[in-house]
Amino acid sequence: MNGAGQVGRWEEAQRPGKIIAVHTNYTSRVAMGGTPPAHPSYFLKPSSSVAASGGEVERPAGTGYLTCEGEIALVIGANARRVSREDAWAHVGWVCAANDLGVMELRAQDGGSNLRSKGGDGFTPLGPELIDARTVDPASLRVRTWVNGELTQEDTSARMIFPLEQLIADLTQHVTLEPGDIILTGTPGGSRVLAPGDVVEVEVDAPDAPGAPTSQRLRTTVAAGQVPFNPELGALPEPFDAELGSVPQPAAAHTLLSAELRDKLSRTPVAGLSAQLRKRGLNNVSLDGLAPLTAGSKIVGTARTLRFVPNREDLFASHGGGYNAQKRTFDAVTPGEVVVIEARGEQGSATLGDVLALRAHVRGAAGIVTDGGVRDAEAVAAIGIPVFSAGSHPAVLGRRHVPWDHDLTIACGGATVQPGDVIVADTDGIVVIPPALADEVADAALAQEDEDAWIAEQVKAGHAVNGLFPMNAQWRARYTDWQERQ
């Protein structure tokens, strides 16, 4: 760094006196699970965790949940002790990008300190360029994160729960902030789990400021750690429950259909599946009132869920814009998954349009099911992805809906759908199948289809349906004999 207010680059040799990180500070983060905090809370990261752009970070051996969190980093330029909110920004010298990396399996052992989970070597990349704090509005900064070139986080300081000036003023009630100290100001929703070989990029900019100053992209590559933790020295990583909320599961953890099962379900009509589910006591597994956008559409896949809540203007202001739950879901859907949307049967507004349908199609989604409306219906149909909906409507979300959360149990078309449930849809309707039953139900339905086809041949030959449909003992014996001869 140069003198306060001058632009420079962050170099790895530069070590801050202290790094103070904010726990939760974006409405988009809270929307992914949790309760909005009443006050800011903080943790410390060691200066040895700092790394420059272009380096590698190890995912420790024996762990699988290394997460990235793009953040706006503030670099203090002048001593600050008990400063007011009005004067706080004058003590910031620079702004840059940060990546607050962490290992979820080490979180429980830390007892809230985050030392092991977020303090590892290289766990705080900073830089690469420093933005002069005097040239930007603290309420107009933007942070974006890409994983392997895919945008996963995007938000602005205007949507923070606690403004940047408040964080500085609050901290200086307790500690003196010194030149070179770093404040990590929280991460938006959309944090991702990383695997060895993944490349993470974070950029902070001020697109509305003169010259649109930017930190440029802070780049970090993930490498596989080779040295295991020694159980004689301390606690080992503990299994992490991805259902805790703010961190999505790795793609491999989502339910996938085998090629064989997908083929069987593709050949099975929904009516047959519905009959087999009823035989097993499942009478509430049909998604009612929905129709295909294109006649003859068929969907077979596993559910990735999205929930909308009724529109309330203040909540739409906090959750409707930016990288909201709707965008995150369509960005995260993987090949073979079906985006299933809870819209409460509300047809007075659309729940998706052509851009999001195209995004799902490009990512290999098996289809989209919504008990709300679709806009740009002709354009969506032309994309080629199967879509089932309650109808068409030209209005956008804000008329009736707030995109709220995703990857959770929802209600769609009057049925309960959980992430990973098997979804099959055709002209007759849509059913949701518990994954553990999918193979059994598909086999039984196909067997019933063969039987029904044989019965139809007998009816064509002039036989009465009485005793044939369903088959009595005599007809059953004839059918069994026919099967044995095939």
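This report walks through a few local features of the predicted model shown above.

The model is predicted, and local features are described where pLDDT is at least 70, side-chain atom pairs count only at pLDDT 80 or more, and totals for chains, interfaces and linings use all residues. Residues are numbered from 1 along each chain as its sequence is written, and side-chain values use heavy atoms, leaving out hydrogens and water.

**Confidence**

Let's begin with pLDDT, the predictor's confidence in each residue, from 0 to 100. The chain has a mean pLDDT of 89, and 93% of its residues reach 70 or more. Over residues 1–6 the value is below 50, and this stretch has 20 contacts in the model beyond near neighbours in sequence; a contact means heavy atoms within 4.5 Å. Residues 242–254 also have pLDDT under 50, with 23 contacts beyond four places in sequence.

**Aromatic rings**

Rings of Phe, Tyr and Trp (its six-membered ring) pair if their centres lie within 6.5 Å; planes under 30 degrees apart are stacked, over 60 edge-to-face, and the rest tilted. Searching the whole structure gives 1 aromatic pair. Tyr479 and Trp482 make up this stacked pair, with 5.8 Å from centre to centre and 20 degrees between the planes. Both residues belong to helix α13 (residues 473–484), where they sit 3 residues apart, about one turn of the helix. Helices (H or I, at least four residues) and strands (E, at least two) are DSSP runs, numbered from the N terminus. An α-helix has 3.6 residues a turn, so residues three or four places apart point the same way.

Another ring has a charge over its face: Arg217 lies over Trp146, at 3.5 Å from the ring centre. A charge sits over a ring if NZ of Lys or CZ of Arg is within 6 Å of the ring centre and within 35 degrees of the ring normal.

**Buried or partly exposed**

Buried means under 20% relative accessible area, exposed over 50%, and partly exposed in between (1.4 Å probe, protein chains only). Here are some residues from this report:

| Residue | Relative accessible area | Class |
|---|---|---|
| Tyr479 | 3% | buried |
| Trp482 | 28% | partly exposed |
| His401 | 0% | buried |
| Cys96 | 0% | buried |
| Cys412 | 0% | buried |
| Leu282 | 25% | partly exposed |

Helix α9 (residues 325–332) is mostly covered, with 7 of its 8 residues buried. Among them are Arg328, Phe330 and Asp331. The N-terminal end of α9 is capped by Asn324, which has a side-chain oxygen 3.1 Å from the backbone nitrogen of Gln326.

**His401 and its surroundings**

His401 is found in strand β24 (residues 401–406). Its side chain makes a polar contact with the side chain of Arg344, at 3.1 Å. A polar contact is a pair of N or O atoms within 3.5 Å; within protein, one must be able to donate a hydrogen and the other to accept it, and residues adjacent in sequence count only if both atoms are side-chain atoms. Not counting residues up to four places away in sequence, His401 touches several others, including Phe308, Phe316, Glu346 and Thr351.

**Cysteines and a loop**

A disulfide is a pair of cysteine sulfur atoms within 2.5 Å, and the count here is 0. Cys96 is in no disulfide, and the nearest cysteine sulfur, that of Cys68, is 17 Å away.

Finally, Leu282 sits in the loop between α7 (270–279) and β16 (291–292). Leaving aside neighbours within four places in sequence, Leu282 is in contact with Leu277, Pro434 and Leu437. Leu282 and Asp439 are 157 residues apart in sequence and 15 Å apart in space, C-alpha to C-alpha.
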